[in-house]
Amino acid sequence: MAGLVLAALTLRPPITSLGALLEEVRDGLGMSGTVAGLLTSVPALCFAVFGIAAPRLARRWGPGTIVCAGLAAITLGIAVRPFAGGTGGFLAASAVALAGIAVSNVLIPVVIKAWFPDRVGPMTGLYSMALALGTSLAAALTVPMAGALGGSWRAGLAGWAVLAAVAVLPWLVVARQRGAAAGPSAGAAVRPEDAPVRITSSPTAWWLALFFGLQATAAYITMGWMPQIFRDAGVPAGTAGVLLAVTMAVGVPLSFVVPRLAARMRHQGPLVVLLGLCGLAGEAGLWLAPAAGAWAWALLMGVSNCAFTLALTMIGMRATSSAGVVKLSAFVQCVGYLLSIPGPLLVGTLYQHSGGWGLPIALMAGLMVPQIAMGVLAGRDRRIEDEA
């Protein structure tokens with residue numbers, strides 16, 4: 001449990017810390033708006049590319065060992081990327097950290113299903129709460145930490161490597177005990193061939209992957225660009241970072257409530273609609289009065305971002321076996337993150353060429369509509385084993 005919490009705290013600071021200092025990073029590395037948009041799309045690309053390898057790696061070495069290696073890669077990437085040279089080196093080191101996040105993203109739900117089979121809801125809630133807490137802490141503390149370390153954005157980004165290094169420690173114990181961990185339940189979790197599930201023939205798997213991809217698009221646009229929206233509206237940089245932290249912090253209590261609530265519902269569609277409407281309201285506020293109602297819009301966007309927690313919960317609910325969860329988790333996250341790649345890049349391009357936030361925010365709102373539709377379809381009480 002300590003390992004799950006520490007890992008969750010580590011999985012988002014490499015992304016949200018960059019969002020808080022994106023303007024300084026752009027100036028320091030000479031990035032254009034389009035390249036900065038590419039930078040905010042790199043997480044989704046790495047999650048899709050490296051996440052698909054996670055089940056095979058887990059079968060070979062065990063899920064605990066791979067999560068441990070993933071956290072070590074996060075530590076290395078965070079520590080190196082601010083000092084790796086130009087834009088190319090920054091992107092390469094970021095990719096190392098994001099590869100570690102990718103395999104952990106896929107395997108931690110599997111670890112929960114295999115090692116806590118009777119407590120999937122509460123443990124998913126605990127993991128999601130720590131994930132949201134790490135996200136909000138990075139958003140709130142990165143700018144002050146950079147100021148305390150001499151005003152250097154490089155030191156502000158690299159400082160999060162300390163947390164990642166601490167997170168590795170309990171997983172070293174897990175990795176050393178991987179022989180014991182590869183018992184019947186864990187072994188079942190990493191042998192997807194044991195279950196006769198052809199994932200691509202399941203409509204629910206596709207609906208869930210599309211829902212996951214659309215909510216990931218919204219989340220990474222928010223994490224990568226929302227501070228800049230507020231700063232362009234006249235909000236100070238430190239306050240913009242705190243506003244992003246508020247958006248992420250909303251998910252801390254809700255990430256524990258949403259899985260429990262979803263588990264009691266036969267159809268999660270009403271939750272999908274509620275979260276989507278909050279997102280649409282927040283995006284309307286960002287367009288109409290970004291500075292005047294900044295705190296309200298940050299809260300609404302935070303509620304909307306809990307679609308990620310709901311998607312994780314539905315992954316566990318849409319399969320009956322651990323083997324099915326492995327396949328579904330890898331498929332949904334890899335396909336979903338792949339689909340989310342163009343969103344942040346397109347926002348950066350629209351921002352640069354239009355000179356404002358009207359078109360990017362309109363894109364965000366337009367994507368929320370199919371997100372709601374796909375979530376309602378994925379939320380129906382079905383199992384992939386029955387469909388496939």
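**Entry 1: domain interface**

I looked up the interface between domain 1 and domain 2 and noted a buried area of about 3,600 Å², this being the accessible area (1.4 Å probe) that two parts lose on being put together, summed over both. Carbon and sulfur atoms give 70% of that area. The model is a predicted one, in which local features need pLDDT of at least 70 and side-chain atom pairs count only at pLDDT 80 or more, whereas totals for chains, interfaces and linings use all residues. Residues are numbered from 1 along each chain as its sequence is written, and side-chain values use heavy atoms, with hydrogens and water left out.

I recorded the division of the chain into domain 1 (1–186) and domain 2 (196–387); such bounds come from an automatic or database domain assignment. The C-alpha centres of the two domains are 19 Å apart. I found 47 residues of domain 1 in contact with 44 residues of domain 2, where contact means heavy atoms within 4.5 Å.

**Entry 2: α1 and α8**

I turned next to helix packing, with helices taken as DSSP runs (H or I, at least four residues) numbered from the N terminus. Helix α1 (residues 2–10) packs on helix α8 (residues 120–148) at about 35°, and their axes are 7 Å apart. Axes are lines fitted to C-alpha atoms over the stretch in contact, and angles run from 0 to 180 degrees between N-to-C directions. From α1, I listed Leu4, Val5, Ala8 and Leu9; their partners in α8 include Met123, Tyr127 and Gly134. The residues of this contact comprise 10 nonpolar, one polar and no charged, with Ala, Val, Leu, Ile, Met, Phe, Trp, Tyr, Cys and Pro counted as nonpolar, Asp, Glu, Lys and Arg as charged, and the others, Gly among them, as polar.

For helix α13 (residues 203–232) and helix α14 (residues 237–249), I noted an angle of about 140° and axes 9 Å apart. That makes α13 oblique to α14, since angles under 35 degrees count as roughly parallel, over 145 as roughly antiparallel, 65 to 115 as roughly perpendicular and the rest as oblique. Among the residues that meet are Phe230 and Arg231 in α13 and Leu243 and Leu244 in α14. I recorded nine nonpolar, two polar and one charged residue in the contact of α13 with α14.

α14 also packs with helix α15 (residues 251–263), at about 15° and with axes 6 Å apart; α14 and α15 are therefore roughly parallel. Thr247, Met248 and Ala249 of α14 make this contact with Gly251, Val252 and Pro253 of α15.

Technical notes
Helices (H or I, at least four residues) and strands (E, at least two) are DSSP runs, numbered from the N terminus.
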